[in-house]
Amino acid sequence: MLRNAELKDMKRIINWRNDPVTRSTCNNTDKMSYTEGKMWFRNILLNPNRHMFLYKEKVVLDISINGDEAEIGINVSPSYRGKGLGTKSLIELQQFVSTLIINCLYKI
Ligand SMILES: CC(C)(COP(=O)(O)OP(=O)(O)OC[C@H]1O[C@@H](n2cnc3c(N)ncnc32)[C@H](O)[C@@H]1OP(=O)(O)O)[C@@H](O)C(=O)NCCC(=O)NCCS
């Protein structure tokens, strides 16, 4: 149910990123253009220390590894929030994280 994000998912992920509630949680609250989004998305896919997953096609999870720490970003498709998907996706992500040598995991 957790799969690696691919280029074909980019448009959907940018649309979720541009949701007003999601933007209110970001450091940069501006809307992301598709040109900016393309660079952002490609940089994630090419970075060996970052992993992006889709859970049940409704949740995007972004994990950045820095030494013995990791940061997680999570964004549930706006129309599927409050239904438990965020919680379930993080439980699945734990299985991936447990395969990595990480001493400290914190959520942003
Ligand atoms: C925050 C978010 C990931 C939660 O996922 P979700 O599927 O909507 O939440 P769930 O249904 O799994 O609920 C999990 C718990 O979080 C709570 N919760 C949901 N949205 C919340 C929010 N915005 N702030 C605080 N708590 C929230 C729920 O009340 C629930 O608590 P409970 O178990 O005590 O009832 C999702 O709403 C989302 O993507 N929001 C926009 C982006 C965002 O805020 N990302 C986090 C910053 S990186």
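Q: Which elements each supply at least two residues of the shell around the ligand?

A: In this predicted model, helix H2, strand E4 (69-76) and helix H4 (85-97) each do so. E4 gives the largest share of that shell, with 4 residues.

Q: Which residues come nearest to the ligand?

A: Thr25, Val76, Arg81, Gly86 and Thr87 come nearest, out of 15 residues around the ligand.

Q: How do the residues of the shell around the ligand divide into nonpolar, polar and charged?

A: There are 5 nonpolar, 8 polar and 2 charged residues in the shell. Gly is counted among the polar residues.

Q: What is Val76 in contact with, leaving aside its neighbours within four places in sequence?

A: The criterion for a contact is that the C-beta atoms lie within 7 Å. By it, Val76 is in contact with Lys58, Val59, Arg81, Leu85 and Gly86.

Q: What makes up the largest nonpolar core?

A: A nonpolar core requires buried residues joined through C-beta atoms within 7 Å. The largest such set has 12 residues: Ile13, Phe41, Leu54, Tyr55, Val59, Val60, Leu61, Ile63, Ala70, Ile74, Val76 and Leu93. Strand E2 (50-55), strand E3 (59-66) and E4 each contribute at least two residues to this core, and E3 gives the most, with 4. In soluble globular proteins, nonpolar side chains tend to be buried together.

Q: What share of the residues of the protein chain count as buried?

A: The threshold for a buried residue is 20 or more other C-beta atoms within 10 Å of its own. Of the 108 residues of the protein chain, 14% count as buried.

Q: What pattern does the protein chain follow along the sequence?

A: The pattern is β-α-α-α-β-β-β-α-β, which comes to 4 helices and 5 strands.

Q: Why is the protein chain called as compact as a globular protein of that length?

A: Its radius of gyration is 13 Å, and the globule rule gives 13 Å for 108 residues; the two values are close, so the description applies. Along the principal axes, the C-alpha atoms fill a box of roughly 35 × 30 × 25 Å. Among contacts between residues at least 6 apart in sequence, 56% join residues at least 24 apart.

Q: What value does phi take at Lys56, and what value at Glu57?

A: Phi of Lys56 is near 50 degrees, a positive value in a residue other than glycine. For Glu57, phi is near 60 degrees, again positive in a residue other than glycine. Most residues other than glycine have a negative phi.

Q: What makes Arg42 exposed, and what makes Glu36 partly exposed?

A: Arg42 has 12 other C-beta atoms within 10 Å, so it is exposed. Glu36 has 13 C-beta neighbours inside 10 Å, so it counts as partly exposed. Glu36 is found in helix H3 (residues 34-46), and Arg42 lies in helix H3 as well.

Q: Why does Pro48 count as exposed?

A: Pro48 has 6 C-beta neighbours inside 10 Å, so it counts as exposed. Its place is the loop between H3 and E2. Its C-alpha atom is separated by 8.9 Å from that of Ile65, 17 residues apart along the chain.

Q: Where in the protein chain is confidence lowest, and where is it highest?

A: Confidence is lowest in strand E5 (residues 104-107), at a mean of 52, and highest in helix H2 (residues 20-24), at 96. Across the protein chain the mean pLDDT is 89, and 91% of residues reach 70 or more. Where pLDDT is low, the predicted coordinates should not be read in detail.

Note on methods:
Residues numbered from 1 in each chain as written. Predicted model: local features only at pLDDT ≥ 70, side-chain atom pairs only at ≥ 80, totals over all residues. Rg over C-alpha atoms; globule rule 2.2 N^0.38 Å. Contact = placed C-beta atoms within 7 Å. pLDDT = per-residue confidence, 0-100. Near = placed C-beta within 6 Å.
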